[in-house]
Amino acid sequence: MNKRLRDIIRKARPHWRLNGRLINYYWQRTKRNKLAVFGLGFIIFLVLLAAIGPFFTPDPTAVNFEEKNIPPLGFTIEQSIYNIETNDFTTKEIHGSRSHPLGTDSTGRDMLAMIVSGARVSLLVGLIATGIAIILGTIIGVLSAYTGGWVDNALMRFTDVMMTFPFFLLLVLMVFIFGPSLPLIVLVIGLTGWTGTARLIRSESLSLRTREFVVAAKALGASDNRVIFRHLIPNVISLIIVMATLSIPGVIIAEAALSFIGLYDPIVISWGKILESGQHSLDTAWWVAVEPGIILFLTVLAFNFLGDGLRDAFDPKSNI
Amino acid sequence: MTPRATFRKINMDNVILKVSDLKTYFFTSRGIVKAVDGVEFELRRGECLCLVGESGCGKTVTALSILRLFDSPPGKIVGGQIRYDSLDLAECSTRQLRQIRGKDIAIVFQEAQSALNPVLTIGDQIIEQIKLHLPLDYGRARDRAITLLSEMGIPSAEGAMSYYPHQLSGGMKQRVLIAMSLSCDPQILIADEPTTAVDVTIKAQILDIFRELKTRRQMSTIFITHDLAVVAEIGDRAVVMYGGKDVETAPVSEIISNPKHPYTSGLIECLPDVSKNTDRLASIPGTTPNPLEMPQGCAFHPRCPKAMKICKQQEPSEIIISKEHKVSCHLYT
Amino acid sequence: MKNKLNNKLLQIRNLKKYYPVTAGFFSRHIGDIKAVDGVTFDISEREIIGLVGESGCGKSTLGKTIPRLEEPTSGQILYKRSDVTKLDKKGLGELRREIQIIFQDPDASLDPRMTVGDSICEPLIVHNIGNEKKRMERVAELMEQVGLEARQANMYPHEFSGGQKQRIGIARALAMNPKLIIADEPVSALDVSIQAQILNLMMDIQERLGLAYLFIAHDLAVIKHMAHRVAIMYLGKIVELADKKEIFENPLHPYTEALLSAVPSFKPKDKDRILLRGDVPSPLNPPPGCHFHPRCHRILPICNQQEPELAEVSKGHFVACHLYR
């Protein structure tokens, strides 16, 4: 690398002494919001579940027809079993047991194991797809805001087009061409979900550009590079964090919804897939649909609470 | 009855609003903010009473408390009385308060641009206020609005009715606000720093309007400002506030020529005044106190050039210097 | 304040800054906002020039155009005899070391995500001065100069009061040892008692470091304490320019008279207050002839036809008014 390039990078390199005091300040403000704390707690629980849960639960793919349709612990259900010999239905009471605390599905797979495995999938999908969308959106937004002119115009029109793009159709097309696979789904969600972020980041950057401290930086001779990296981006990061936190639940739901209608990766167990398999047996084994539903609901709620709490904490005008 | 006693009695009858030991606290997650902590004053008919103080002293919250316009989850009137007519505004019901707001007691806010609804014409906004309180039909309400606007010096008032706020200049917007507040002929007008955010020449025009209000309509006004020069121009009596309390109350001429409280004299001295000729400005050291961490004893003692030992320990009580002049300061006990 | 024959630091000749206004689908150019419309004056070393005018008169724009934060439309800005308008990037960088700005809103002029120490030493980093250790020392020195403690350098702007934030802004402006500071309404957003502190600080610094100020304000009373010479601006033009004493005791332009009489004061007025009619007209469509004529209380027939030029009426006292031709 020649000297000039090195100079530019050195000057632009963010001296982000992530000062503990600044982080602590925002953390204190977030802590005051009880819902946000609950949200964070739940997310941490979920992460732990996804990380170490699989070591404590049986194999989610273990099919066991002897133990199919067992209700969760504490519930009892009457099953009618067709007895070949007597040509009649006999009703049997089945109780939930500790070996399958959340019950089993119609092929005998342990529900808890499946949900734990699904947690992994949902979190990964959420994080990666959101990551792609946010990074893409931020780059486009900041670039657009700072360059202005025809570049800004072109990028924004491109964003408009992408916004109206039926991502669902694109997904179906991709699945048709390449076959269903989780990475493909993640990629498509990420590549179509950046538009909202781009617009927001752009408008925030535009307003930051005229804020006095940016003008002050220019007034003392800072280069454009330095202004972007040292001033614009750190002030936009809070927006990015909030957007990311609030986008993750949307992505998780998107993946669940896709699985629900059948666009899922057959190798992978995700909450949506469990939901899909449970929709047909709502009368005989309601827990197969209800359990993933509950945990999806709680996860989305948790991320939304946390996102709201973070947004209020970062906003200097909200008096927390 | 001796003439002096009669005079005193008449003065007392002239009191149109009496605030006694008002306490408005804000209960936030970081602690209790005692925005108003025992404020006492009375407003007499036809006079212009100025609440003077810097930011954070509680003067705006005092004004908002009179009409209970602050956000009620964090804020609450925890003590004191606000006597108007036969009501105690601190205790009365919201319904009663709503009848008084705008009709008996009107308030003009500081930021004219945020006090006006940007998507309604100013005509609509004035008429809305009129019809809320007076039993007039649309046509008559409109006429009344036009009369008010021209009284405020807005040129071609009839055409101006269909303007949107963004089409008006700052001075015009402030005048529209004042017109709106007068639309139902209130007894009391509360003006919250109406001249702070405007240029000097517009300031002069607005002060002129307030002077006219006093002479022509005998309007009783509570004028909130941090600018002692404005007080000197337009006020009859002044209440100087600091740290949520009233520290000195006196007629304006007394306050200017014979200030008793060190804060008042400090404020007067550090005013950059065109008629003064000094090289260096006097100033009050330190900053206004953080409402969450009020100093012990007298709130002003950290910045007071005449602070004594007792000032750190005990809050000063009110001393009556003369009939119209009271101070809260240990210097005079 | 003796007026030594100081060197001329800044010479502005017929400076104009227009903002084009476009309309219609094809963005046709239909007019200009003439924010700064032909301004000429000088600033010498160690001189404090007060620039007074109401909102919309262009004083802030002028303040931003001088160091080319806004590109001038035409005219000359000579700083120490080199034309600022023609400087390249490198030259502009060096200019930025000598001309600094203090902003109006202390809340908005500091980056909320940087410690104040970082904010103050940013100019040093940008211009590659010293090393880490020397910069820390300089920051400490500057903070003490403006009346703060060096250990506060690691705190964030939100932990300071308005007056303290303004002090930090001043410290940042002083970091590069500038020769000229453009102060854009530095005390308007502060309480009265704090205003006095900051003004005293600025005067101390000016004396000690031998700085020149372009002090932009709308409050004549503040100017009276600070300035050596005063310029009055109206709708993009300077209408009067004179020594402070002259302006306050012998104002010539009707607008200056109105400004002076509009200031609320303790002393009762000897003559009636001059109340200007109407509001400041829009800079997009200024009145013909003298821009001030619709509001002028001493108007002559010629005033709505011809624009008056800024001319020297007595020694050092310039006015742009037909009354004095």
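Me: How confident is the predictor in chain C, going by the mean pLDDT?
Reply: The mean pLDDT of chain C is 86, and 95% of its residues reach 70 or more. pLDDT is the predictor's confidence in each residue, from 0 to 100. This is a predicted model: local features need pLDDT of at least 70, side-chain atom pairs count only at pLDDT 80 or more, and totals for chains, interfaces and linings use all residues. As for labels, residues are numbered from 1 along each chain as its sequence is written, while chains are lettered from A and ligands numbered from 1 in the order in which they are written.

Me: Where in chain C is confidence lowest, and where highest?
Reply: Helix 7 of chain C is lowest, at a mean of 83, and strand 3 (residues 48–52) of chain C is highest, at 94. Helices (H or I, at least four residues) and strands (E, at least two) are DSSP runs, numbered from the N terminus.

Me: And what ipTM and pTM does the complex get?
Reply: The predictor gives the complex an ipTM of 0.76 and a pTM of 0.78.

Me: OK, how many residues of chain C are in contact with chain B?
Reply: 32 residues of chain C, and they touch 35 residues of chain B. Two residues are in contact if their C-beta atoms, placed from the backbone, lie within 7 Å.

Me: Which element gives the largest share on the chain C side?
Reply: Helix 6 of chain C, with 7 residues. By class, the side of chain C that touches chain B has 17 nonpolar, 9 polar and 6 charged residues. Here Ala, Val, Leu, Ile, Met, Phe, Trp, Tyr, Cys and Pro count as nonpolar, Asp, Glu, Lys and Arg as charged, and the others, Gly among them, as polar.

Me: Switching to chain B: how many helices and strands?
Reply: Chain B has 13 helices and 12 strands. Its radius of gyration is 21 Å, close to the 20 Å that the globule rule gives for 333 residues, so chain B is as compact as a globular protein of that length. That radius is taken over C-alpha atoms, and the globule rule is 2.2 Å times the number of residues to the power 0.38.

Me: What about chain A, what radius of gyration does it have?
Reply: Chain A has 25 Å, whereas a compact globule of 320 residues would have one near 20 Å. Its C-alpha atoms fill a box of roughly 95 × 45 × 35 Å, taken along the principal axes. Chain A has 12 helices and 2 strands.

Me: Where is confidence lowest in chain A?
Reply: In helix 1 (residues 3–12) of chain A, at a mean of 52, while helix 3 of chain A is highest, at 91. Over residues 12–16 of chain A the pLDDT is below 50, and beyond near neighbours in sequence this stretch has 7 contacts in the model.

Me: At what angle do helix 3 and helix 4 of chain A pack?
Reply: Helix 3 (residues 34–56) and helix 4 (residues 111–147) of chain A pack at about 125°, with their axes 8 Å apart. Axes are lines fitted to C-alpha atoms, for helices over the stretch in contact, and angles run from 0 to 180 degrees between N-to-C directions.

Me: Which residues meet there?
Reply: Among them are A:Leu46, A:Ala50 and A:Gly53 in helix 3 of chain A, and A:Val116, A:Ala119 and A:Leu123 in helix 4 of chain A. That contact has 8 nonpolar, 2 polar and 1 charged residues.
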